[in-house]
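Have the viewer open and follow along.

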Amino acid sequence: YTASYHIIDLKAYQETLEALKKEKPRFIVNLYDETRPFPELKTLINQNYLPLTTIGEAEIFLLAPTVK
């Protein structure tokens with residue numbers, strides 16, 4: 001898994017996006033309390049994932065069945 005502080009502190013935005021596009025994890029968990037911007041991740045989620053559920057401050061997305 002990858003945590004937002006790793007991405008931000010290491011400035012690993014592009015590396016993270018490439019890994020997500022390649023690996024296509026079945027789930028992505030987005031925490032509401034993360035306020036630092038990562039618009040490319042939001043775009044990736046909106047284009048390839050479906051909202052599944054929310055648990056507390058965590059929104060869980062499921063990989064869309066049409067994504068290969």
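Let's start with K11, which is exposed, with a relative accessible area of 68%. A word of caution before going on: this is a predicted model. K11 sits in the loop that joins helix 1 (4–9) to helix 2. Its backbone is worth a look, too: K11 is not a glycine, yet its phi is positive, at about 50 degrees.

You'll find K24 in the loop between helix 2 and strand 1. With a relative accessible area of 30%, K24 counts as partly exposed.

## The overall layout

Stepping back, the protein has three helices and three strands. Walk along the sequence and the order reads α-α-β-α-β-β.

How does the radius of gyration compare with that of a compact globule of 68 residues? The rule puts such a globule near 11 Å and the protein has 12 Å, so the two agree. The C-alpha trace covers about 30 × 30 × 20 Å along the principal axes. As for contacts, take those between residues at least 6 apart in sequence: 55% of them join residues at least 24 apart.

## Surface, burial and charge

Of the 68 residues in the protein, 31% are buried.

## One aromatic pair

How many aromatic pairs are there? The count comes to one. The partners are Y13 and F38, with ring centres 5.0 Å apart and planes at 80 degrees; planes over 60 degrees apart count as edge-to-face, so that is what this pair is. Y13 belongs to helix 2 (residues 13–23), while F38 is in the loop between strand 1 (27–31) and helix 3 (39–48), so the pair ties together parts that are 25 residues apart in sequence.

Are the two partners buried or exposed? Y13 has 29% relative accessibility, so it counts as partly exposed. F38 has 14%, which is under the 20% cut-off for buried, so F38 counts as buried.

L50 is a residue of strand 2. It is partly exposed, with a relative accessible area of 40%. Leaving aside residues up to four places away in sequence, L50 touches I60, F61, L62, A64 and P65. N30 is 20 residues from L50 along the chain, and their C-alpha atoms are separated by 12 Å.

One of those partners of L50 is A64, which is found in the segment after strand 3 (58–63). Its relative accessible area is 11%, so A64 is buried. Which residues does A64 touch, not counting those up to four places away in sequence? They are N48, Y49 and L50. V29 is 35 residues from A64 in sequence, with a C-alpha to C-alpha distance of 14 Å.

## The loop between strands 2 and 3

Last stop: E57, in the loop between strand 2 (49–55) and strand 3. Relative accessibility here is 51%, and the cut-off for exposed is over 50%, so E57 counts as exposed.

Setting aside residues up to four places away in sequence, E57 touches N30, L31, Y32 and D33. E34 is 23 residues from E57 along the sequence, and their C-alpha atoms are 9.7 Å apart in space.

Notes. Residues are numbered from 1 along each chain as its sequence is written. This is a predicted model: local features need pLDDT of at least 70, side-chain atom pairs count only at pLDDT 80 or more; totals for chains, interfaces and linings use all residues. Side-chain values use heavy atoms; hydrogens and water are left out. Helices (H or I, at least four residues) and strands (E, at least two) are DSSP runs, numbered from the N terminus. The radius of gyration is taken over C-alpha atoms; the globule rule is 2.2 Å times the number of residues to the power 0.38. Buried means under 20% relative accessible area, exposed over 50%, partly exposed in between (1.4 Å probe, protein chains only). Contact means heavy atoms within 4.5 Å. Rings of Phe, Tyr and Trp (its six-membered ring) pair if their centres lie within 6.5 Å; planes under 30 degrees apart count as stacked, over 60 as edge-to-face and the rest as tilted.
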